[in-house]
Amino acid sequence: MAMAASPGPAGVGGAGAMPGSGPSSFGFDSGLEIKTRSVEQTLLPLVSQITTLINHKDNTKKSDKTLQAIQRVGQAVNLAVGRFVKVGEAIANENWDLKEEITIACIEAKQAGETIAALTDVSTPNRPESGGQITIFTDKTGVIKAARLLLSSVTKVLLLADRVVIKQIITSRNKVLATMERLEKVNSFQEFVQIFSQFGNEMVEFAHLTGDRQNDLKDEKKKAKMAAARAVLEKCTMMLLTASKTCLRHPNCESAHKNKEGVFDRMKVALDKVIEIVTDCKPNGETDVAAISIFTGIKEFKMNIEALRENLYFQSKENLSATLEAVLERTEDFTDSAYTSHEHRERILDLSAHARAELQQLASVWLQAQSKRTKSIAEELELSILKISHGLNELKKELHSTATQLAADLLKYHADHVVLKALKLTGVEGNLEGLAECACKFSEQKEQLVETCRLLRHVSGTEPLEITCIHAEETFQVTGQQIISAAETLTLHPSSKIAKENLDVFCEAWESQISDMSTLLREINDVFEGRRGEKYGYLSLPKPMKNNANLKSLKPEKSDSEEKAKIAKLGLKLGLLTSDANCEIEKWENQENEIVRYGRNMSRMAYSLYLFTRGEGPLKTSQDLIHQLEVFAEEGLKVASSAQAFSKQLKDDDKLMLLLEINKLIPLCHQLQTITKTPVQNQGLLKVDKCITKTRSMMAILVQLLSLCFKLLKKLQMENNRWVSVTNKDSVDGKT
C-alpha cells in the first residue's frame, strides 16, 4: 500500500502484533492492492483541489465557470470515493477480523464524499446570490470538515489494508517454512519432486507479495534490505534444488549434507529478515547494532562542529573528541588490512593524526570564543572549523581511493575465474590433492573479496549502498564455503552428473555476485563524484529491474515500471518451471531419449531467458534474446514430433491423452515464432513480456508432457514385459 512506508502505530505496530499463522483465506491479492493504490492516487489530489478552490476570501465573487469547476471536482471526488469504498468492502469481506473497522471507515468515507458532492453542487437552491453573480459558499467550513473526515477515513482504510498485506506476507512465509521443513526431511526422489513443486508455487506467491511491498516502501534503507533478502531467496531456490538432489543421490556424503544445510540456513535467515522489515520489529526485542560507516561518522562529526557557529555550547569538547576518535578507530579496517598498500596506509595515518591536531586547535579557539565574543575570535573559530572539515574531506578521498582501487584491481584479477575453473576441473578428475590446493587458493580469494566489501561499505556514501555492501560481503562468505563443499562432493563422486550440476549452480551464483560487485563499485564512484540520479536502483532488486542492462536496448525512453515488474515476475516463474522440468527429466533412465534430449535443451534455454530477466547470463542483447526464442520454438516442435512418434506405440486411450497435450504445445511454438518475427516499434518491453509469457506457457506444457510420456513409457514397458513373460511361459509349456 502507498501509505505503508510511514504508518503510525495503528499500521505496522498492530500488524507486528498479529499472529503469523492460523487458518486464513485472503482474497486481497496484488491486483486488489493496485486498485486501492490507484483510487487513492486519484482521490488525494482531488481533495487537494477542493482545498485550493475554497481557500479564498469570503467576499470574493466567483464566476459561473469557477463554480462549475468546483462542482466537477466535487463529483469527481464522490466517484473516486465510491470506487475506493468498493475496494475497501472487498477487503473487509475477505478479512473478518478487520471487517467491522474497515466497514465503519468506508461508511465515513462515503458520507464525506456525498457531503462534498452536495456542498459543491451549484444547482442546490439555497446558494446565496448577489447581483446576478453567484458568490463563494458561505458554508465552506462544511466542505473543509468533510474533506478532513474523508482523509481520515481513507487513511484508516489504507492502514487496515496494510495490516492485511502484512498478514498475507507472514502467512505466506509460514507456508514456505513448513514446506522447507518437509523438504529437509525427505528421503525419496519421487517425494522430493512433488514437495518441491509445491514449494516452487509458494515461493512465487511469496515473491509477488514481497515484490509489491518492496515497491511501496518509501524508506530507501528498508527497500534495500528487502531487495537483498529477496535476492537471497531467489538464488537459493535454485541452489536448494541441486543441493537436495545431490544429497538424495549421495546420502552418505558429509560434504553434500553440509552444502544442503548451508542453503536451508541462509533461506531461513532471509525469510526472517523479510518479516523484520514488513513488521518493523526484530525478534525478542533485539536492536540493530551494526556499526556506522566511516563516511557516516565523518558526516555526523562535521554537522556537530558546524553547529558551533550558531551555538558555542551545543557540544562538550569531550563529546566531540570521542566522536572523532570513534571515526578514526574505524580507519584501522584500512590500515590493518594486508591488502592496503604502504603508501595508502601512511597517508591515512598522517591524515588521521592531522585531524586530531586540528581538533585540539579548534578546542582551544572554541574555549576562547566562549569567554570573549570578539570578531577576531569568531573569524579564528570559523577558520578552525574550515580547516578540520577540509582535513576530513581529504581523509574521505584517501579512504575512497584505497577501497575502490583495491576493488577494481581485485575484480580485474579475478575476471577470468581461473581458480573457480581449476576447482571444477579437480572435481571432475576426482583429484583430492588438487582440490585441497585449489580450495586454499579459492578461500584466500574469498577472504580478499569479503574484506574489500567491508572497506567499500565505509566509503559507500548512502545507506542503501551500505546495505548492498553488507549483502555482498555475506554472499561471498557463505557462497565461498558452499562452493568448496560442493567441489568436495564432486571430487568424491567424479562421475556424478548431479554433483557436477550442483557445483555449476553455486559457481554461477559466485560469478553473478562478482558482476554485481562491479556495478556496486561504479555506483559508489557515482555517489562520491556527485553523479547520482534522483532514483537509485539497487543491485539485488529482483523484481523492479531498474538497472537491467539487457532491457536497455529494448525499452522506450519512458519505461513502463509495471511492464518491467510483470516481466520480472514471469521470469521468476520461468526459472521455477525449468526446475520442475529438470526434475521430470531426472526420472528417465534413458537420458538419450529424443523427448528427454529436446526437453533438456528447452529447459536450458528457458533458464537463460530467466537469467536475462535478471540482467545476467549469456544473453546480452535484444538480438540474442530473439535468436534464443526462435531456437526454443524449434526445439518445442522437435519435442512435439518425438512425442507424436512415441504415441504410435500406444493404445487408443493413452494415445489420445498424449495427443491432446502435444496439440497444446504445437500452436504455442508457432505463436512464439510469429511474435519473434513481428517488429514492434517503441514497445520493446511489451514484446519481451509476450515472449516470456509464451515461453512460460510452453514450459508448463513441457513439464506435463514429460511427466505423461514417462508414465506411459513405464506402462508400455510393463505391458511388454508381461507379454514376454506370458509368451515364454507358453513356450515352456509347449516344450513340456
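A residue counts as buried when its relative accessible area is under 20%. By that cut-off Leu 362 is buried, because its relative accessible area is 0%. The model is predicted.

**Helices H6 and H8**
- Two packed helices are described by the angle between their axes and the distance between the axes.
- The axes of H6 (residues 189–216) and H8 (residues 254–279) cross at roughly 35 degrees and come within 12 Å.
- The crossing of H6 past H8 is left-handed.
- H6 brings Phe 199, Met 203, Phe 206, Thr 210 and Arg 213 to the contact. H8 brings Met 267, Leu 271, Val 274 and Val 278.
- Sorted by class, this H6–H8 contact has seven nonpolar residues, one polar and one charged.

**Leu 362 in helix H12**
- Leu 362 belongs to helix H12, which spans residues 342–371.
- Neighbours within four places in sequence aside, Leu 362 contacts Ile 305, Leu 308, Leu 381, Ser 384 and Ile 385.
- Lys 387 sits 25 residues from Leu 362 along the chain. The C-alpha atoms of Leu 362 and Lys 387 are 9.0 Å apart.

**His 417 between H13 and H14**
- His 417 lies in the loop that links helix H13 (375–413) to helix H14 (418–429).
- Phi of His 417 is near 50 degrees. That is a positive value in a residue other than glycine.
- His 417 also counts as buried, because its relative accessible area of 15% is under 20%.

Note on methods
Residues are numbered from 1 along each chain as its sequence is written. This is a predicted model: local features need pLDDT of at least 70, side-chain atom pairs count only at pLDDT 80 or more; totals for chains, interfaces and linings use all residues. Side-chain values use heavy atoms; hydrogens and water are left out. Axes are lines fitted to C-alpha atoms, for helices over the stretch in contact, and angles run from 0 to 180 degrees between N-to-C directions. Helices (H or I, at least four residues) and strands (E, at least two) are DSSP runs, numbered from the N terminus. A crossing is left-handed if the near helix is turned anticlockwise from the far one by less than a right angle, and right-handed if clockwise. Contact means heavy atoms within 4.5 Å. Ala, Val, Leu, Ile, Met, Phe, Trp, Tyr, Cys and Pro count as nonpolar, Asp, Glu, Lys and Arg as charged, and the others, Gly among them, as polar. Buried means under 20% relative accessible area, exposed over 50%, partly exposed in between (1.4 Å probe, protein chains only).
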